[in-house]
Amino acid sequence: MAAAALVVGSWVGLGKPSYEQGSAWAEKTGSEALARTGAAKALAVKAAPVETADGGADLPSSVTETDSQPDERVALPHETDPASVPAMEPWPSLNPEADLQKAWLLAEGPARKPKSGRRLVTLTFDDGPFLETTPAVLKLLARYKVHATFFAVGQYLEGEDKRSRVTRNLLKRVVDEGHLVGNHTLDHQLLTTISHTRVLEQIDRSAAAIERATGKYPYLFRPPYGQLDDFGRKAAQERHLDLMLWSVEARDMVRDDPQEMFRDLMGQLVYKEGGIVLLHDIRFSSVATLRELLAWLKLHKYDPQKPSRPGYEIVDLPTYLRETQAAPMPYANREELDKARERAHDKSRPPAAPESRRVSRR
Ligand SMILES: [Zn+2]
């Protein structure tokens, strides 16, 4: 676990990883790294052989059964309500210039109406698809009848070996179950540190692999670590990619305790009044975190009959973006928004003794 943490120690915007760290991660990602996590044992997940006798036309049953819950058949969202499946075609981009600062602000979602308790949440999963864990994520999303967005890395989809074929089928299943798939580069390179030629390769080879698996070109793009320089920005713009970032994260690549990660997510969602949640569908502890989060969001669901009472509504990414387009946040960037939030929270706090007030300020 320490070794895994070392390899991915600067994941998810915690700092810039070195080029070597990124490459080492790409080589080390696999069930061996996953098996090292304590949460994997806690979930008592069956060993999932990935080689299938028929060459992977279907997912091996052991791979689809990574969730430890009994295997009741849950109706998929599109089976019960076809209208709930989001449109797959590109929608008007809110950020055609692929500006990174604007993308961070857009990720924070729409400005909420005064006195409205409705808070929007949309779920995103990065770095998969991964045979041992993505099916468990799909199963949970189906159980709660919600749609999410998966930012895939192309490296798992390219090969002609059985594992790659089964992984392509899995990504196709993600789309068939009504979720969106975006591009998260070929093998998770930090795009600001590699040559321009390789930046284009990271985007285009991954897009081709995703299109081969799903039949759809991925217009959604999330750069690893949320970082993009001017060259990457222009490349995204030329390809009409929608730059998608996040506002709420569990730092689940560097932590293993689902309860701790869930509490962290819950705290951020309460403070920020919703947001784009980032999790990684390549870790068992992230699946356990998602299970907690979905249960909590259901318990604190928005009730239109009581519109002023705070409640959450899980929506797909297109809905989140359309609502953001209809009511954009009135700030120039995320820093301004952060300051406004801090002021609002200061105002809503009960008057405190001067010394404790000093301590509580960040
Ligand atoms: Zn990532």
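Predicted model: local features only at pLDDT ≥ 70, side-chain atom pairs only at ≥ 80, totals over all residues.
Q: OK, so is S164 buried or exposed?
A: S164 has a relative accessibility of 7%, and therefore counts as buried; S164 is found in helix α9.

Q: What does S164 touch?
A: Leaving aside residues up to four places away in sequence, S164 touches Y156 and G159; with G159 there is a polar atom of the S164 side chain lying 3.5 Å from the backbone nitrogen of G159.

Q: Switching to the largest nonpolar core, how many residues has it, and which have the most contacts inside it?
A: The largest nonpolar core has 38 residues, and those with the most contacts inside it are L123, F125, L141, L269, V277 and L290.

Q: Which elements give two or more residues to this core?
A: They include the strands β1 (118-126), β2 (149-152) and β7 (275-280), along with helices such as α9 (162-176) and α13 (284-299), and α13 gives the most, with six residues.

Q: And what does F125 touch?
A: Not counting residues up to four places away in sequence, F125 touches V137, L141, A148, T149, F150, F151, L279, D281 and L290.

Q: Last topic, helix α15: what should its 15 residues span?
A: At 1.5 Å a residue, the 15 residues of α15 (residues 334-348) should span 21 Å, and the end C-alpha atoms are 21 Å apart, which agrees.

Q: Which residue caps its N-terminal end?
A: N333 caps the N-terminal end of α15, with a side-chain oxygen 3.2 Å from the backbone nitrogen of E335, while within α15 L337, A340, R341 and D346 are buried.

Definitions and conventions:
Residues numbered from 1 in each chain as written. Heavy atoms only, no water. Core = buried A, V, L, I, M, F, W, Y, C linked by side-chain atoms within 4.5 Å. Buried < 20%, exposed > 50% of the residue type's maximum accessible area, 1.4 Å probe, protein only. Helix = DSSP H or I, 4+ residues; strand = E, 2+ residues; numbered from the N terminus. Contact = heavy atoms within 4.5 Å. Expected span 1.5 Å × (residues − 1). Polar contact = N/O pair within 3.5 Å; in protein donor to acceptor, adjacent residues only side chain to side chain.
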